[in-house]
Amino acid sequence: MTFEALGSECASVLLVDDHPIIAEGIQSLLQLEPDLRLVGYASTGPQALALAQSLAPDLALVDIQLGQDSDMNGLEVLRHLRLQHPTMLVLMLTTFQSPGLVHEAMRVGAAGYLLKSMLRHQLHEALRVVRAGQTFFPPGISDQLCSVLSREALTPREIKVLSMVAKGGSNREIGHVLGIAEDTVKAHMRHIMNKLDAQDRTHAVTMALSRGWISLHDVAP
């Protein structure tokens with residue numbers, strides 16, 4: 001969905017969220033702002049990428065929990081946007097405060113992080129801070145982010161192994177799919193559990209979910 005054209009003095013904003021009421025609320029919040037204008041709304045990852053291509057917005061607001069039941073979540077949308085539109089600034093939205101998710105979003109290239117509960121009071125400030133080339137975090141989240149950043153994150157291969165564990169794969173099955181020895185899979189799991197200080201495989205999966213490294217569609221029913 002696209003909205004009305006904007007003047008050259010405005011920063012164009014693309015919203016990516018699967019809750020229409022959020023889109024309506026954000027459009028209402030931005031419609032009286034002379035320098036910010038919502039130009040498009042997408043409820044899925046593919047829609048977001050198509051609109052980003054056609055509209056070339058200055059800023060994007062992306063729900064980090066987007067598409068929990070689909071193949072493209074908010075972090076994956078962020079990755080694609082940063083790869084395909086490196087000058088586009090992306091601010092992540094979420095309903096809860098999770099330093100692990102913030103860490104992963106910032107690692108991928110997000111310019112900031114905003115709680116949906118703070119939209120009414122901080123949306124304009126967040127967008128303007130990001131547009132000015134700075135990062136934006138809700139009050140109190142910076143200390144938590146530093147805590148997560150001080151710990152070593154999982155490597156892409158470790159995340160892949162853990163996502164396959166979440167789907168119920170055995171060490172042998174994972175090794176077969178990835179083309180590595182079963183002992184190598186076991187070594188990856190030991191490193192994962194040490195990094196996360198996890199008690200067992202299930203605990204490691206739960207922690208990775210909470211930090212946004214894997215999504216619910218990775219988990220076996």
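**Exercise 1.** Which residues of helix α2 (residues 45-55) are buried?

*Solution.* Start with the ground rules. This is a predicted model, in which local features need pLDDT of at least 70 and side-chain atom pairs count only at pLDDT 80 or more, while totals for chains, interfaces and linings use all residues. Residues are numbered from 1 along each chain as its sequence is written, and side-chain values use heavy atoms, without hydrogens and water.

Step 1. Buried means under 20% relative accessible area, exposed over 50% (1.4 Å probe, protein chains only). G45, A48, L49, L51 and A52 are the buried residues of α2.

Step 2. These residues lie on the same side of α2, because they cover an arc of only 165° around the axis. The arc is taken over directions from the helix axis to the C-beta atoms.

Step 3. P46, Q53 and S54 are exposed on the other side of α2.

Step 4. Contact means heavy atoms within 4.5 Å. The cover over the buried residues of α2 includes β1 (11-16), β2 (36-42) and α3 (74-84).

**Exercise 2.** Describe how helix α7 (residues 156-166) packs with helix α9 (residues 182-196).

*Solution.* Step 1. The angle is about 100° and the axes are 10 Å apart. Axes are lines fitted to C-alpha atoms over the stretch in contact, and angles run from 0 to 180 degrees between N-to-C directions.

Step 2. Therefore α7 is roughly perpendicular to α9, a label for angles of 65 to 115 degrees.

Step 3. From α7, R157, E158, V161, L162 and V165 meet V185, H188, M189, H191, I192, K195 and L196 in α9.

Definitions and conventions: Helix = DSSP H or I, 4+ residues; strand = E, 2+ residues; numbered from the N terminus. Parallel < 35°, antiparallel > 145°, perpendicular 65-115°, else oblique.
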